[in-house]
Structure formats: C-alpha cells, structure tokens
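Walk through this model from the overall fold down to single side chains. Keep the viewer open as you read.

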Amino acid sequence: PVLDTEDAWVSVEGPVSIVELALEQKRIHYPLVEHQFVLCTVLYAIMRLSLKGVKPLSLFDSKGRNAFFKDLTSIQLLPSGDMDPNVLSIRQQFLLKVVSAAVQTLCSSQKDREVSEEDSFPFEKGKNWPTLAADLAQYLQISEDLVRRHYVCELYSYGMDHLGEE
C-alpha cells in the first residue's frame, strides 16, 4: 500500500513508525492460522467440558501435526481432502463427546436453576457448544448433519423435548 505523508513528518527523527514496522512484517499463511485455531478450539472444549481420555493431537494426521510447530509465515503442507478413516472416526467420536457433554451440562444447569433461583447461563456467556461443534465439523471434515442429529437425540434422551423440536 502507498502511504502519503505530510512534509512536516518527513523530517522527523526517531524510531521507525508502527505503520512502517507493520508493512515490513511477512504475510501470514492464513490456512495455517486457521489450523491453529481448530487446535485451540479443540483444547478449549476439552478443558471447558472436562472431557477425559481425549488426545487432541490424535485428531490430526501427520501433516497436520507437523504444521503446528512451524512459523505462521511459512507455507506448509496442510492435510488434503483425503483423510485416513481412522482419523475421521476419532474426530467424529470427539465431536459427539463434545455435544453429549454440552447437553449434560445444559441439563445439570437447568436442574440447578430449579433448585436455586439464581440466573445462571446453561453454557458460558455467548458459547453454544453444540453449534460450535457443528462449525468445527466443517474444519474436521465430518458431516454437520451427523453432529446436529446427535444433538437432537441427546436433547430427547435428557427429556428436553421442547429444545429438541426446535
């Protein structure tokens, strides 16, 4: 980009401006940042929903695992469209665990609300874990419909038919 500056600023001495420093930075490889975002979301879901026995790096193939330890400005080979069926199965199981844990949290928070009259949110403020799991399914190459169907089945199994109908 071309930056026009006034004549008065041209003769100023001192450290380099933040704009010039920003322009000198290398461009990041956006798919690699997106890949890191998926890992962060997975780790946050594991922590927040207290999921046990999940190995986050097992959700990625060898190319995906290697990409985590590279500079964000480097262009890395990311996983292609063809995935190992075992990895896809592990991803699917993880997403279904997330949905099940989220519904269980929702159910227990509604029971707590009936006992105590406090206003507590069923999920974190602004976080809807089943929707997040469905969005994450796109990145992990799992069918969103499968995740949504599991969510509805979980709602019905916990007796929240009114939410399941929606």
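The paragraphs below start with the whole chain and then turn to particular residues.

This is a predicted model, in which local features need pLDDT of at least 70 and side-chain atom pairs count only at pLDDT 80 or more, while totals for chains, interfaces and linings use all residues. Residues are numbered from 1 along each chain as its sequence is written, and side-chain values use heavy atoms, with hydrogens and water left out.

Start with the fold. The protein has eight helices and zero strands. Helices here are DSSP runs of H or I with at least four residues, strands are runs of E with at least two, and both are numbered from the N terminus. Read from that end, the order is α-α-α-α-α-α-α-α.

Next come the totals. The protein has 166 residues, and 29% of them count as buried. Buried means under 20% relative accessible area, exposed means over 50%, and partly exposed lies in between, with a 1.4 Å probe and protein chains only. The accessible surface comes to about 11500 Å², and carbon and sulfur atoms hold 54% of that. These areas come from the Shrake-Rupley method with a 1.4 Å probe; for residues, only the protein chains shown count as cover. Now take the contacts (heavy atoms within 4.5 Å). Of those with a separation of 6 or more, 68% join residues 24 or more positions apart.

Which residues make the nonpolar surface patch of about 390 Å²? They are Leu-3, Ile-18, Val-19 and Leu-23. A patch takes residues with over 30% relative accessible area and no salt bridge; like charges are joined within 9 Å, and nonpolar side chains (Val, Leu, Ile, Met, Phe, Trp, Tyr) within 5 Å. Leu-23 sits in helix H2. Its relative accessibility is 43%, so Leu-23 is partly exposed.

Move on to the loop between helix H2 (18-24) and helix H3 (30-48), where Arg-27 is found. Arg-27 is exposed, at 72% relative accessible area. Its C-alpha atom is 8.6 Å from that of Leu-72, which is 45 residues away along the chain.

How many salt bridges does a search of the whole structure find? It finds one. The rule asks for a side-chain nitrogen of Lys or Arg within 4 Å of a carboxyl oxygen of Asp or Glu. The partners are Arg-148 and Glu-144, with their closest N and O atoms 3.3 Å apart. Both belong to helix H7 (residues 144-157); they are four residues apart, so about one helical turn separates them. Arg-148 is partly exposed at 40% relative accessibility. Glu-144 is partly exposed too, at 24%.

Beyond its neighbours within four places in sequence, Arg-91 touches Leu-59, Phe-60, Met-83, Leu-140, Gln-141 and Ile-142.

Helix H5 (residues 85-115) also holds Ser-100. Leaving out neighbours within four places in sequence, Ser-100 is in contact with His-150 and Glu-154. The C-alpha atoms of Ser-100 and His-150 are 8.1 Å apart, across 50 residues of chain.

Now check the backbone. Most residues other than glycine have a negative phi. Gln-141 has a positive phi of about 60 degrees and is not a glycine. Gln-141 lies in the loop between helix H6 (129-139) and H7, and is partly exposed at 34% relative accessible area. Ser-50 also has a positive phi, near 55 degrees. Look for Ser-50 in the loop between H3 and helix H4 (62-67).

Finish with the rings. There are two aromatic pairs. Rings of Phe, Tyr and Trp (its six-membered ring) pair if their centres lie within 6.5 Å; planes under 30 degrees apart are stacked, over 60 edge-to-face, and the rest tilted. Tyr-44 and Trp-129 form a tilted pair, 5.7 Å centre to centre with 35 degrees between the planes. Tyr-44 lies in helix H3 and Trp-129 in helix H6, so the pair ties together parts 85 residues apart in sequence. Tyr-44 is partly exposed at 29% relative accessibility, whereas Trp-129 is buried at 2%. Phe-60 and Phe-68 form an edge-to-face pair, 4.9 Å centre to centre with 85 degrees between the planes. Both of these Phe residues, Phe-60 and Phe-68, are buried.
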